Amino acid sequence: MHRLLRGEVVMFGGFALAAAVTILLVMPQANTAVLTEVTQTSSGPLGPADRDFLVKVRQAGLWEIPVGQWAQVRADSARVKDVGAHLVEDHTKLDAQVRRVAAQLDVPLPDRPSPDQQRWMAQLASETGPAFDRDFARLLRAAHGKVFAVVANVRAGTRNAVIRKFAGTAVTVVMRHMTLLESTGLVNYDELPEPPTPSPAAPAPAAVDPRRQP
């Protein structure tokens with residue numbers, strides 16, 4: 001009897017382990033499908049770039065709001081303090097909008113900044129005065145340049161009307177923030193990535209001689 005029970009326990013444990021492994025194998029595939037598939041919504045198709053755009057806007061607020069608040073107590077420059085206040089105000093509004101849009105389109109959003117953003121926050125949390133001012137302008141300007149490209153591309157090509165409207169708002173906000181950060185006089189433009197190399201121009205169509213037209 002005891003041997004039988006032990007055998008059932010071992011068998012059950014084997015089934016449980018197999019089920020757990022199956023779940024672990026299936027879950028990443030399901031998550032990947034959610035991130036890569038195009039779904040139909042009442043406002044048009046929703047694709048991977050649209051979802052990534054919402055995630056990046058959310059993550060921008062998750063680190064720029066606290067860093068802008070830190071500027072009020074850590075910065076030495078009055079201009080940096082003022083720029084930080086603008087970032088807090090704008091991203092607080094933008095974060096409320098992105099959460100509404102994500103809920104409308106059923107897109108899950110993160111609740112913490114990206115690993116890179118967390119490293120930047122750790123760096124700024126250890127600084128005060130001129131060092132904070134310099135790295136505040138440098139890190140935030142570089143970050144805005146990267147997200148601007150994402151937002152602009154989504155605005156140009158999305159098939160979803162809700163995303164298109166919100167991306168237009170986000171483009172305006174990101175552009176304003178780049179300008180504000182540059183107004184500190186602390187941005188090192190040599191550190192910014194080079195603009196992409198232009199693609200070769202298409203050859204001009206050959207001239208048509210009207211006398212040879214049928």
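Which residues have the most contacts inside the largest nonpolar core?

1. The model is predicted. Mean pLDDT for the chain is 85, with 77% of residues at 70 or more. Residues 1-34 fall below 50, and in the model this stretch makes one contact beyond near neighbours in sequence.

2. On the opening question: Phe53, Leu54, Val101, Leu105, Ile163 and Phe166 have the most contacts inside the largest nonpolar core, which has 20 residues. At least two residues of this core come from each of helix 2 (48-74), helix 3, helix 5 (129-157) and helix 6 (161-182). Helix 6 gives the most, with seven residues.

3. Phenylalanine 53 deserves a look of its own. Setting aside neighbours within four places in sequence, phenylalanine 53 is in contact with Val151, Val154, Ile163, Phe166, Ala167 and Ala170. Two of these partners, Ile163 and Phe166, are also listed among the core residues with the most contacts.

4. Another core, of 17 residues, lies apart from the largest one. Among its members are Ala75, Val83, Met121 and Phe132.

5. Helix 3 covers residues 78-105, 28 residues in total. From its first C-alpha to its last, helix 3 reaches 40 Å, close to the 40 Å expected at 1.5 Å a residue.

6. Both ends of helix 3 have a local feature to check in the viewer. At the start, a side-chain oxygen of serine 77 comes to within 3.1 Å of the backbone nitrogen of arginine 79. Following the helix is aspartate 106, with a positive phi near 60°.

Key. Residues are numbered from 1 along each chain as its sequence is written. This is a predicted model: local features need pLDDT of at least 70, side-chain atom pairs count only at pLDDT 80 or more; totals for chains, interfaces and linings use all residues. Side-chain values use heavy atoms; hydrogens and water are left out. Helices (H or I, at least four residues) and strands (E, at least two) are DSSP runs, numbered from the N terminus. The expected span of a helix is 1.5 Å times one less than its number of residues. A polar contact is a pair of N or O atoms within 3.5 Å; within protein, one must be able to donate a hydrogen and the other to accept it, and residues adjacent in sequence count only if both atoms are side-chain atoms. pLDDT is the predictor's confidence in each residue, from 0 to 100. Contact means heavy atoms within 4.5 Å. A nonpolar core is a set of buried Ala, Val, Leu, Ile, Met, Phe, Trp, Tyr and Cys residues joined through side-chain atoms within 4.5 Å. Buried means under 20% relative accessible area, exposed over 50%, partly exposed in between (1.4 Å probe, protein chains only).
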